[in-house]
Amino acid sequence: MVDSFGRKIDYLRMSLTGRCQQRCTYCARESGGKCVKDSELSAEDFIFTASVFASLGFRKIRLTGGEPLLRRDILQIIKGISETGVYEDTALTTNGLELAKLCLPMKEAGLKRINISLDSTDPEIYKKITGADLAPVLEGLYKAIEVFDKVKINAVLLKNINSNPDGLFKIAENYPVTVRFIELMPMGGKGRGVTADEILARYPELRPLQGGDEHSPERLYTAVGYKGKIGFISPVSRSFCSGCNRMRLTWDGKLRPCLGDELEIDAAEAIIKKDSEALTSLIEKAIEMKPEKNSFGTDFNAVRPMNAIGG
Ligand code: SAM
């Protein structure tokens, strides 16, 4: 489907839950954005929604949250989506805490790629940011490298907290992993972000890579001797809105056309009733209303924090 600004929209990001074991300072707010388990869509709801999006030409899907691996029915959801037979790319973003034991079953259920959020390789700094232990996340990461062909790490760097990413660079040097630095977005959390230029200045050995997915917002680099890559995603300072192909579904059934805009369209009733005609027209409406640009350049600060929308 094509939106009002001529962009082809074919990438669905589905948040399976707003619940998360972590409380990352930049992602979650103490108050607001609470997820009530009873309001979460069911596995059948997500599979139905994915199939309706597929009938509208969507070919790429990412499962996120909250923490998607907190869903006990995660394998059922992945399998159901994969059985639609149309998604060329089924991916998932996780904090990694429950990943080690789920890697292989998720791959067998049809998952193609995995992104793991890892802001520091220092256990104390990691705990300070997330409130969680690092060891199970590293265990999950190494297992994912064994099981999946494509593994990416997402890191958000904050000034005076985890501004030194040497440990993350070591992972890109030693493993075939893309470590991506995501610029801090004003999504209801706290902290001052480190810019891509500040990171690049620290590693003069990095060389830009050409090519790749034209819709991907990441700028990729590598260095001599590296098995992996370094990527930068800068939605605030280098917005990629003109090539944006995304639509979001929140865990409670709201269509959100843009992360950096409060517009949400309630599709929960159509989804729960499995009314494909009603859901199709709501998706068409959401695509038509997708803003030209995010509002990050203004004084935007999301009402629903990131964990409650779906990152
Ligand atoms: N719980 C999963 C995880 O930790 O990966 C999935 C959800 S989390 C909201 C998805 C991604 O959003 C994480 O990589 C996280 O670092 C990123 N994120 C959260 N808040 C952000 C913010 N304010 N700015 C930039 N990235 C953010």
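**Notebook: rings and a helix pair**

I looked up F296 and found it buried, and F300 is buried as well. Buried means under 20% relative accessible area, exposed over 50%, and partly exposed in between (1.4 Å probe, protein chains only).

I noted the ground rules. This is a predicted model, where local features need pLDDT of at least 70, side-chain atom pairs count only at pLDDT 80 or more, and totals for chains, interfaces and linings use all residues. Residues are numbered from 1 along each chain as its sequence is written, and side-chain values use heavy atoms, with hydrogens and water left out.

**Aromatic pairs**

I searched the whole structure and got seven aromatic pairs. Rings of Phe, Tyr and Trp (its six-membered ring) pair if their centres lie within 6.5 Å; planes under 30 degrees apart are stacked, over 60 edge-to-face, and the rest tilted.

I checked F169 with F181: this pair is stacked, 5.7 Å centre to centre, with 20° between the planes. F169 sits in helix 6 (residues 166–174) and F181 in strand 6 (residues 178–182), 12 residues apart. Helices (H or I, at least four residues) and strands (E, at least two) are DSSP runs, numbered from the N terminus. F169 has a relative accessible area of 2%, so it is buried. F181 is at 3%, so it is buried too.

I then took F296 with F300: this pair is edge-to-face, 5.8 Å centre to centre, 65° between the planes.

Which residues do ring pairs link into a cluster? I listed F169, F181, Y203, Y221 and F232.

**Helix contact**

I looked at where helix 1 meets helix 2. A43, E44, F46, I47 and A50 in helix 1 contact Q76, I77, G80 and I81 in helix 2 (contact means heavy atoms within 4.5 Å).
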